[in-house]
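Me: Can you walk me through this one? I have the sequence and the structure open.

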Amino acid sequence: MGHARAMAAPPDTDGDTPPRPARPGAGASVYGMELGIPLGGCRVLIADDSAFNRRTLTRFLQWAGITQVAFAASAEEVMERLESFAPDLLLLDAAMPRMDGIGVCRSLRGDPRWRDLPILMQSALHSDQMRTVCFSAGATDLIAKPINPGECIARVRYHLERRSMVQELRAFHERVERDLRQARAMQLALVPETAELAALAERNRLAVESVFRASEEIGGDFWTVFAFDGSRVGVFAADLSGHGIAAAINAFRLHTLLTRTPPEEMRDPASLLRQLNGRLCEILPLGQFATAFYGVIDRTDDTLLYAAAASPSPLLMTNFGIQPLDASGPLLGAFPNSAYTNRRVPLRRGDSLFLYSDGLSEARGADGAMLGEDGLLRLAERAAAEAPDRPLPALMARHAAIHGEHLNDDVTALWITRR
Amino acid sequence: MDFSVREAPASTEIVLSGRMTFADHDTFRDVIATFERPAGHRVVFDLSRLDFVDSSGLGMFIIARDTAQRRNLDFALRGARDEVRRLITIAKFHTMFNIAD
């Protein structure tokens, strides 16, 4: 117990009275309770086997506004109080007759539950070796004995504030992560579900392979496919400007507009884009827009009728080779009264249409060089030659080999073949 | 993206350089600050040193055009090349912007 008396008594501490609630007084005002965040909600566990030390430390804590204090006088009690009291900070004496503080600290750090708990060790030994032993056992900080109230309060406050900020950040992070996971599931539900897509493809004698990935949790890409008039299939793909939440919300808006469009207005791609443009102009903030492609595959006359709003050039693959389609057109939702153009190309049995978002064509290799639409065309050509039955996975694998799995932009890729 | 401003009595030329992307919203606010000019003043974006524009970059051109219209400035784009030229061509910007090439 020799070191117990080494603790400096503060000016107004008699050392024998039980802990009292914080009150205004010399200690309180001198030691700056008013600074920083209020600590009234914080809990501190004092592990010290000296009653005198416990009282003194309790008094200091009261000056800092901390009234929720519990005590432990042995290693077993420390473990029990950690569980039952759930402290925000542990004030631990490094060396006590009945407790090996260093050992307690080390074992707490081995337990994931207490890995982040601030542990302030008090030590009467001031050598650098002793300090090093404390820190390597996992102490967050040290307070030298005799304990000075000002230093003690400042260090306790610092670590509690830091912990509170970390907890706040972590809680915020967890909440946002949870929300984004939910939003992501909702976004994935916007695009055709696998079984539904397979059934639609089968009925319309198509083979459809798709990739849909967001660079962050959610993004601004969106695509859908639907059958109408018995022999027609509409394919709509859009990329909302920007990234993340704002782009995703705009993708949902576009999806809503599209699902509210009656089937008879789906036949004419240019007129559909004109209508969507008008409605998007009313709801999108200035500078936000979508690039889009809408095509109608017609089995009876073997054609693809399409209109586009500045989308990446789709690739048409026929017996004559691979050919980029003109997908120029005004951005969707940027300017009212934009005019769109219908274009018609042959699309016979065995021909394929490859649609992709710029996330794929604007990917950069390790050397910083951008793949570009020409580069992507060559990749598609190779994939079609090497894996005619399943070209898209082959293309994506080759793409990942050059540009990595993680891209900086949302990626949509659709490979549609008429069978 | 970086930018530099060349002032003449009746015109302001803003040279944009590098990559104009999502990350440049703050820089772009400084670009827009140079639009504080009297009605009729000419403001030109010189794009000849711009290597790349993403969709957010195109959005910034749209905001610049709108700002210029509200202040009655004579706004134009000039000198786009390669990828930037391709993008503003497929988006048919010549129908909405004054392209001074």
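This is a predicted model: local features need pLDDT of at least 70, side-chain atom pairs count only at pLDDT 80 or more; totals for chains, interfaces and linings use all residues.

## Chat about a two-chain model

Me: OK, chain B. How many helices and strands?
Reply: Chain B has three helices and four strands. From the N terminus, the order is β-β-α-β-α-β-α.

Me: And what does its radius of gyration say about chain B?
Reply: A compact globule of 101 residues would have a radius of gyration near 13 Å. Chain B has 12 Å, so the two agree. Its C-alpha trace spans about 30 × 30 × 20 Å along the principal axes.

Me: How much of chain B is buried?
Reply: Buried residues are 50% of the 101. The accessible surface of chain B is about 4,600 Å², with 49% from carbon and sulfur atoms.

Me: Which residues touch the most others in the largest nonpolar core?
Reply: That core has 35 residues, and the ones touching the most other members are Leu16(B), Phe35(B), Phe45(B), Phe61(B) and Phe93(B). Several elements of chain B each supply at least two residues, including strand E2 (11-20), helix H1 (25-33) and strand E3 (42-53). H2(B) gives the most, with six residues.

Me: What does Phe93(B) touch, leaving out residues up to four places away in sequence?
Reply: In chain B, Phe93(B) touches Leu58(B), Phe61(B), Ile62(B), Leu77(B), Ile88(B) and Ile99(B). It also touches Leu331(A), in chain A.

Me: Switch to chain A. What is its secondary structure?
Reply: Chain A has 12 helices and 17 strands. Its radius of gyration is 34 Å, well over the 22 Å that the globule rule gives for 419 residues, so chain A is more spread out than a compact globule. The C-alpha trace spans about 100 × 45 × 40 Å along its principal axes.

Me: How much of chain A is buried?
Reply: Buried residues make up 54% of its 419 residues. Chain A exposes about 19,000 Å², and carbon and sulfur atoms supply 54% of that.

Me: Now the backbone. Which residues does the cis peptide bond join?
Reply: Lys145(A) and Pro146(A), with omega about 0°. Pro146(A) sits in the loop between strand E7 (141-144) and helix H6 (149-188) of chain A. Most peptide bonds are trans.

Me: What is phi of Asn337(A)?
Reply: It is near 65°, a positive value in a residue other than glycine. Most residues other than glycine have a negative phi. Asn337(A) is in the loop between strand E14 (321-324) and strand E15 (343-346) of chain A.

Me: Is Asn337(A) buried or exposed?
Reply: Exposed, because its relative accessibility is 77%, over the 50% cut-off.

Me: And Asn277(A), buried or exposed?
Reply: Asn277(A) is buried, because its relative accessible area is 1%. It is found in helix H9 (residues 269-283) of chain A. Among the residues it touches are Leu331(A), Phe335(A), Asn337(A) and Tyr340(A).

Me: Back to chain B. What is phi of Asp82(B)?
Reply: Near 50°, a positive value in a residue other than glycine. Asp82(B) is in helix H3 of chain B. At 56% relative accessibility, Asp82(B) counts as exposed.

How values were computed: Residues are numbered from 1 along each chain as its sequence is written. Chains are lettered from A and ligands numbered from 1 in the order in which they are written. Side-chain values use heavy atoms; hydrogens and water are left out. Buried means under 20% relative accessible area, exposed over 50%, partly exposed in between (1.4 Å probe, protein chains only). Contact means heavy atoms within 4.5 Å. The radius of gyration is taken over C-alpha atoms; the globule rule is 2.2 Å times the number of residues to the power 0.38. Accessible areas come from the Shrake-Rupley method with a 1.4 Å probe; for residues, only the protein chains shown count as cover. A nonpolar core is a set of buried Ala, Val, Leu, Ile, Met, Phe, Trp, Tyr and Cys residues joined through side-chain atoms within 4.5 Å.
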